[in-house]
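Hi everyone, thanks for coming. I have a short walk through one structure for you today, so let's bring it up on the screen.

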Amino acid sequence: PEGAERAHKHLGRLELRCTTLASVAPQVAQAAPLCWSLSDVSAWMSASRFQELLGRLVSVSPPGSRLCWRHLAAQWPAPVLPRLEPDAALARAVEAVDTSVFYRIGVAHVV
């Protein structure tokens, strides 16, 4: 109930777009740190395309932004990109409280 209430308070800020992540990324305002949540996006693309997508998101994200991704069907290696600093400790902490037994979670910060 707490999570639902928090989400409900912010529904007015939700913006739905029917497009690809790669095309929406350059349109996002860069005034403040961004938080990207990519839930199982990697299952729909190759490891190289997933790495390329992360690179595009990092390129439009100001320092302090965070990317979080979940792997279900695909288990791609941690990305190695300029300005992207993996946070394995936070990923483990999120996995520890996550209710899914299938997902593997990755977290990284834009520097």
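This is a predicted model: local features need pLDDT of at least 70, side-chain atom pairs count only at pLDDT 80 or more; totals for chains, interfaces and linings use all residues.

Let's begin with strand β4, residues 104-110. How much of β4 is covered? Mostly, it turns out: 5 of its 7 residues are buried. This strand has β2 as a partner, in the antiparallel sense and over 6 bridges.

Now, the aromatics. How many aromatic pairs does the count give? It comes to 1. The partners are F50 and W69, with ring centres 6.3 Å apart; their planes meet at 75 degrees, and over 60 counts as edge-to-face, so that is the label for this pair. F50 belongs to helix α3 (residues 47-59) and W69 to strand β2 (residues 66-71), so the contact ties together parts that are 19 residues apart in sequence. Buried or exposed? Both F50 and W69 are buried.

Last stop, the surface. L11, L14 and L16 make up a nonpolar patch there, and together they have about 360 Å² of accessible area. L14 sits in the loop between α1 (2-9) and α2 (21-24). Its relative accessibility is 54%, and the cut-off for exposed is over 50%, so L14 counts as exposed.

Definitions and conventions. Residues are numbered from 1 along each chain as its sequence is written. Side-chain values use heavy atoms; hydrogens and water are left out. Patches are made of residues with over 30% relative accessible area and no salt bridge: like charges are joined within 9 Å, nonpolar side chains (Val, Leu, Ile, Met, Phe, Trp, Tyr) within 5 Å. Accessible areas come from the Shrake-Rupley method with a 1.4 Å probe; for residues, only the protein chains shown count as cover. A salt bridge is a side-chain nitrogen of Lys or Arg within 4 Å of a carboxyl oxygen of Asp or Glu. Helices (H or I, at least four residues) and strands (E, at least two) are DSSP runs, numbered from the N terminus. Buried means under 20% relative accessible area, exposed over 50%, partly exposed in between (1.4 Å probe, protein chains only). Rings of Phe, Tyr and Trp (its six-membered ring) pair if their centres lie within 6.5 Å; planes under 30 degrees apart count as stacked, over 60 as edge-to-face and the rest as tilted. Two strands pair if DSSP finds at least two bridges between them.
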